[in-house]
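Student: I have a new structure to read. Can you take me through the helices, the loops and the ligand site?

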Amino acid sequence: MYQSCPLSYRLRYIDRLEAKEKWYFSFGKTIHLCAEHFFRVKVPPPSTLEELLQFYEQEWLAEGFESAEEEMKYKAYGREILSKFWEIHYPEFRPPLAVERLFYIDVDGIKLRGFIDRVDKLESGGLSIVDYKTNRDLFTIDHLEQDLQLTLYQMATEQLWQLPVEKLTLYHMRSNTPCSCGPRDSQRLEQARHLILEVAENIARGKFPATEHQYCPCDFPEHCPYYRHQYLVAAGDTVGQPELPGIAIADSVEQYVSLQQQIKELRPQLEEAKQAIIGFCEAEGLNRVQGKDNSVTYKLVEMTGFSEDEVRELLAPAGLWEQVLSLDQSKLKELLGDEATAQDIRKRLESLRKVVSTSARLWVKKLEDEP
Ligand code: SF4
């Protein structure tokens, strides 16, 4: 959560604001509990289908559904998912090594706590981690490879059992599809460690910027600098949005947008008038033209710079190219002004300066301002 928006993390986990109830959390939790119940068996057989569905009825969480019809629809859908789940896993049932296993890990002094849905011991002696998901879409290979939760589970599992993890799975409950990949290598585990330390340091330093993303707004728009005003306006709260003296912000917003639009519409006309003046000045050999109240001065402005190849050829033998590395005009300027740079190099460098572009510029002056 911190990675997607540090502010929402602070509001939820430090300020402890309550998240809103949502049907997909209730649905996900119930399905999750049932999968856990099915596998939490030390000696086979596991629950029969009737027992599993009875458990589902008992544990059903109704919070967050918008209507009784919606709730019924998802309840039936859940029964379908679990029936298929049972059909697949009952015949091949083997008790897992752990179910809903609580873990604590210490990453260079940072303590993490979590729960792993299921850990299986493979024939090879290695371990397999399974995490149940009720997401709508199947997981892509890229998602599996990037999933930080699986990486942390691997770290925890290897610390807990001192055995290698050989398989990581996100189990897509809606389609009863296990999406699996191999374990993270040591480089990936190291990257995850760095990430944990970086996030922990940012949290300790109180860095909680609001970071907008595709799932905004979160449950706390009234506390977010991107959404607070919209929220207050929608709530009709004028008391909560004191206006600065003389500034009616809603009017300023509309005025700003309208002016931007006018500027955009006028730009082609402005360019046309500019080109007419430039064309006239060039044809008549003039640098200034008069209107009734204003004059416009025309000049060709030359931009000077250096050719990268020529500069490298000059500086490399003197061991100075490293100071520039690529053609960075500001670094070259530093080199030119640096007394420590040999006089002849500075002179020859200056002689390499050439016109790299020219552009026509116009300056306007009010006629009464003329001396
Ligand atoms: S609404 Fe604001 S606080 Fe919430 S996730 Fe988006 S940017 Fe972050």
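This is a predicted model: local features need pLDDT of at least 70, side-chain atom pairs count only at pLDDT 80 or more; totals for chains, interfaces and linings use all residues.

Student: How are H2 and H3 oriented to each other?

Tutor: Helix H2 covers residues 23–39 and helix H3 residues 49–59. Their axes are 10 Å apart and the angle is about 140°. Axes are lines fitted to C-alpha atoms, for helices over the stretch in contact, and angles run from 0 to 180 degrees between N-to-C directions. Angles under 35 degrees count as roughly parallel, over 145 as roughly antiparallel, 65 to 115 as roughly perpendicular and the rest as oblique, so H2 and H3 are oblique.

Student: Which residues in H3 does H2 meet?

Tutor: Contact means C-beta atoms, placed from the backbone, within 7 Å. From H2 come Thr30, Leu33, Cys34, His37 and Phe38. Their partners in H3 are Leu52, Phe55, Tyr56 and Glu59.

Student: What is the handedness of the crossing of H3 and H4?

Tutor: H3 and helix H4 (residues 68–89) pack at about 145°, with axes 10 Å apart. A crossing is left-handed if the near helix is turned anticlockwise from the far one by less than a right angle, and right-handed if clockwise. The crossing of H3 and H4 is right-handed.

Student: Are H2 and H4 roughly parallel or roughly antiparallel to each other?

Tutor: Their axes come within 11 Å. They cross at roughly 25°. H2 and H4 are therefore roughly parallel.

Student: By class, which residues make the contact of H2 with H4?

Tutor: Trp23, Phe27 and Ile31 are among those in H2, and Tyr74, Ile81 and Phe85 among those in H4. Ala, Val, Leu, Ile, Met, Phe, Trp, Tyr, Cys and Pro count as nonpolar, Asp, Glu, Lys and Arg as charged, and the others, Gly among them, as polar. The contact of H2 with H4 has ten nonpolar, three polar and one charged residues.

Student: Where does Arg16 lie?

Tutor: Its phi is near 60°, a positive value in a residue other than glycine. Arg16 lies in the loop between helix H1 (6–14) and H2.

Student: Where does Pro45 lie?

Tutor: The peptide bond from Pro44 to Pro45 is cis, with omega near 5°. Pro45 lies in the loop between H2 and H3.

Student: Which residue is joined to Pro217 by a cis peptide bond?

Tutor: Pro217 is in the loop between H7 and helix H8 (228–234). Omega is about -5°, and the partner is Cys216.

Student: Which residues come nearest the ligand?

Tutor: Near means that a residue's C-beta atom, placed from the backbone, lies within 6 Å. By class, the shell has eleven nonpolar, two polar and one charged residues. Of the 14 residues around the ligand, the nearest are Cys5, Cys216, Pro217, Cys218 and Cys224.

Notes
Residues are numbered from 1 along each chain as its sequence is written. Helices (H or I, at least four residues) and strands (E, at least two) are DSSP runs, numbered from the N terminus. Two residues are in contact if their C-beta atoms, placed from the backbone, lie within 7 Å.
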